[in-house]
Amino acid sequence: MILISNPTPIENEINLIHQLFKEGLQLFHVRKPDFSTAEMKAFLSEIKSDYRQNLVLHSHHQLAETFGINRIHFTEKMRAETSEECLKKWKERGYKLSTSIHSMTDFEKLSDVFDYAFFGPVFESISKPNYISDIDFEKELKQRNNNKTALIAVGGITSERIKTALKYGFEDVALLGTIWNSNNPIENYKLCQQIALSY
C-alpha cells in the first residue's frame, strides 16, 4: 500500500510520517507541488535517514541523490517532456520510476522503464471534491495488455473501497485524502493496511 503526502504542509506532519513508517508503511510519495527547492530540502532533511529509501520524489528530482532517495515519480506532464533516453539513464543509475496516467491507452503506450503507474481517480476524490472519472475501470482493466508495469488505484480510496479496487484488477492502492483528512490518520492507515493485506 502506498501513501501520498498531503500537497500542503499539515500540523505534526513529520511525526505522523515517522509513525506511519513504524506501522509498516512501505512507500511514501512526497508530492508537494508548491514547494521551492529550499522548502523541499528542509522537509526531506527532517525525515529520518532510515526511511529515505522508502520515499518517492514527485518534484526536485535533483535532490534524490543528496538524500539517498532511489525512487522518483513523473507526473503526466513531466513524462511527456522527458525523453526515453533520459528515463533510461535514471533507470541505469539504479532508480525505480513511477508515473501517473489517466487512460488505458496511455498505460498501454508506457515505456517499460516504469515500475508502476497511478491510474485514477477510480472513485470520487476525497482531496479534490467533484473530481471523478467516467472510466469503467473494471471493464478497462480486463482489456489490459501491459503487464510489465503495475497499476495502482488512486482517487477516493477509503477502507471500504480497497477491496473493490483490487477486484477491478489493480495491483495495489494509493491513499491520500482518507488519511490526511481523517481525525486519526494512524488508526485509519492501520485499518486500510489490514484490509489490503487480507485481500
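Asp 112 and Lys 148 form a salt bridge in this predicted model, and their closest N and O atoms are 3.9 Å apart. Asp 112 sits in the loop between α5 (104–108) and β6 (114–119), and Lys 148 sits in the loop between α6 (137–142) and β7 (150–153), so the bridge ties together parts that are 36 residues apart in sequence. Asp 112 is partly exposed, at 47% relative accessibility, whereas Lys 148 is exposed, at 65%.

The search of the whole structure finds 10 salt bridges. Three of them are listed here.

| Salt bridge | Closest N to O |
|---|---|
| Asp 112 and Lys 148 | 3.9 Å |
| Arg 93 and Glu 65 | 3.5 Å |

Is Arg 144 buried or exposed? Arg 144 counts as buried because its relative accessibility is 13%, which is under the 20% limit. Glu 171 is partly exposed, with a relative accessible area of 43%.

Salt bridges with shared partners also join Glu 23, Glu 187 and Lys 190 into one network.

The remaining pair in the table is Arg 93 with Glu 65. Arg 93 lies in the loop between α4 (84–92) and β5 (96–101), while Glu 65 lies in the loop between β3 (55–57) and β4 (71–74), so the pair ties together parts that are 28 residues apart in sequence. Glu 65 is exposed, with 58% relative accessible area.

Notes. Residues are numbered from 1 along each chain as its sequence is written. This is a predicted model: local features need pLDDT of at least 70, side-chain atom pairs count only at pLDDT 80 or more; totals for chains, interfaces and linings use all residues. Side-chain values use heavy atoms; hydrogens and water are left out. A salt bridge is a side-chain nitrogen of Lys or Arg within 4 Å of a carboxyl oxygen of Asp or Glu. Helices (H or I, at least four residues) and strands (E, at least two) are DSSP runs, numbered from the N terminus. Buried means under 20% relative accessible area, exposed over 50%, partly exposed in between (1.4 Å probe, protein chains only).
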